[in-house]
Amino acid sequence: MQKLLLAIDQISTFVGQAFSWLIVALTFMISWEVFSRYALDNPHPWAFDVMSMMYGSLFMMAGAYTLSKNGHVRGDVLYGFFPPRLQAGLDLALYFLFFIPGVVAMAWAGYNYAADSWAINEHSNITANGPPVYPFKTIIPLAGAFLLLQGLVEIVRCIVCLQQGAWPARAHDVEEVDVEKLKEMVHVKDEDIAKLDEFVVHPKEYQK
């Protein structure tokens, strides 16, 4: 069971990391459009639509990845002080009450939106000769499907935690640097850092 949970975590991670490259493409596109508009006096009317669709795709497809890392914002500031079983019980209730109905509704409505958009070959009407919208609308049911799959994994984790009293492991990914662990890895002590700081601030005293 744990291997299956981690395998789905890896799928969510792969999808999230793949779509994260859109932020790089979006950065270059915005930079080029600004340069083209103000330096070359050659704005592109489709650029705004494409930028919005790129950012929207990135935002939606990152949902399952964020859930797999337990990274979504929680509104209850007391949650972190609860024991694991209480956390799992609360999460399980919220998954069934809000998450599952909401995500299923999003995926189902998104499927209908995408199907209608493909059927009429829909294009953006914000600007003249707007880009096609149906690829972007297809992202909605896809994002819902990935998010629902990851949500089912989180429900299983809640059940396991209720049974065992501890949260099961998650797939590892990039995390913030732990300064203390970094010091241990490179065998550096606080005293060494203080001496280095003193040398940088007063280098002449060490040259005598």
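Tutor: Start with a definition. Buried means under 20% relative accessible area, exposed means over 50%, and partly exposed is in between (1.4 Å probe, protein chains only). This is a predicted model, where local features need pLDDT of at least 70, side-chain atom pairs count only at pLDDT 80 or more, and totals for chains, interfaces and linings use all residues. Residues are numbered from 1 along each chain as its sequence is written, and side-chain values use heavy atoms, with hydrogens and water left out.

Student: Why is Trp118 called exposed?

Tutor: Its relative accessibility is 51%. Exposed means over 50%, so Trp118 counts as exposed.

Student: What makes Tyr134 count as buried?

Tutor: Tyr134 has 17% relative accessibility. The cut-off for buried is under 20%, so Tyr134 counts as buried.

Student: What makes the rings of Tyr79 and Phe82 an edge-to-face pair?

Tutor: Rings of Phe, Tyr and Trp (its six-membered ring) pair if their centres lie within 6.5 Å; planes under 30 degrees apart count as stacked, over 60 as edge-to-face and the rest as tilted. The structure holds six aromatic pairs. In this one, the centres are 6.5 Å apart and the planes stand at 65°, so the pair is edge-to-face. Tyr79 counts as buried at 9%, and Phe82 as partly exposed at 24%.

Student: Why is the pair of Trp118 and Tyr134 called tilted?

Tutor: The ring centres of Trp118 and Tyr134 are 4.5 Å apart, with planes at 50°, so the pair is tilted. Trp118 lies in helix α4 and Tyr134 in helix α5, so the pair ties together parts 16 residues apart in sequence. Helices here are DSSP runs (H or I, at least four residues), numbered from the N terminus.

Student: Which residues make up the largest nonpolar core?

Tutor: A nonpolar core is a set of buried Ala, Val, Leu, Ile, Met, Phe, Trp, Tyr and Cys residues joined through side-chain atoms within 4.5 Å. The largest has eleven residues, among them Leu67, Phe99, Ile100 and Cys161. Its largest share, six residues, comes from α4.

Student: How do you know that the span of α2 is close to the expected one?

Tutor: The expected span is 1.5 Å times one less than the number of residues. Helix α2 has 15 residues and reaches 21 Å from its first C-alpha to its last, close to the 21 Å expected.

Student: What makes Asn70 partly exposed?

Tutor: Asn70 has a relative accessible area of 39%, so it is partly exposed. Asn70 lies in the loop between α3 and α4. Its phi is positive, about 55°, although Asn70 is not a glycine.

Methods:
Helix = DSSP H or I, 4+ residues; strand = E, 2+ residues; numbered from the N terminus.
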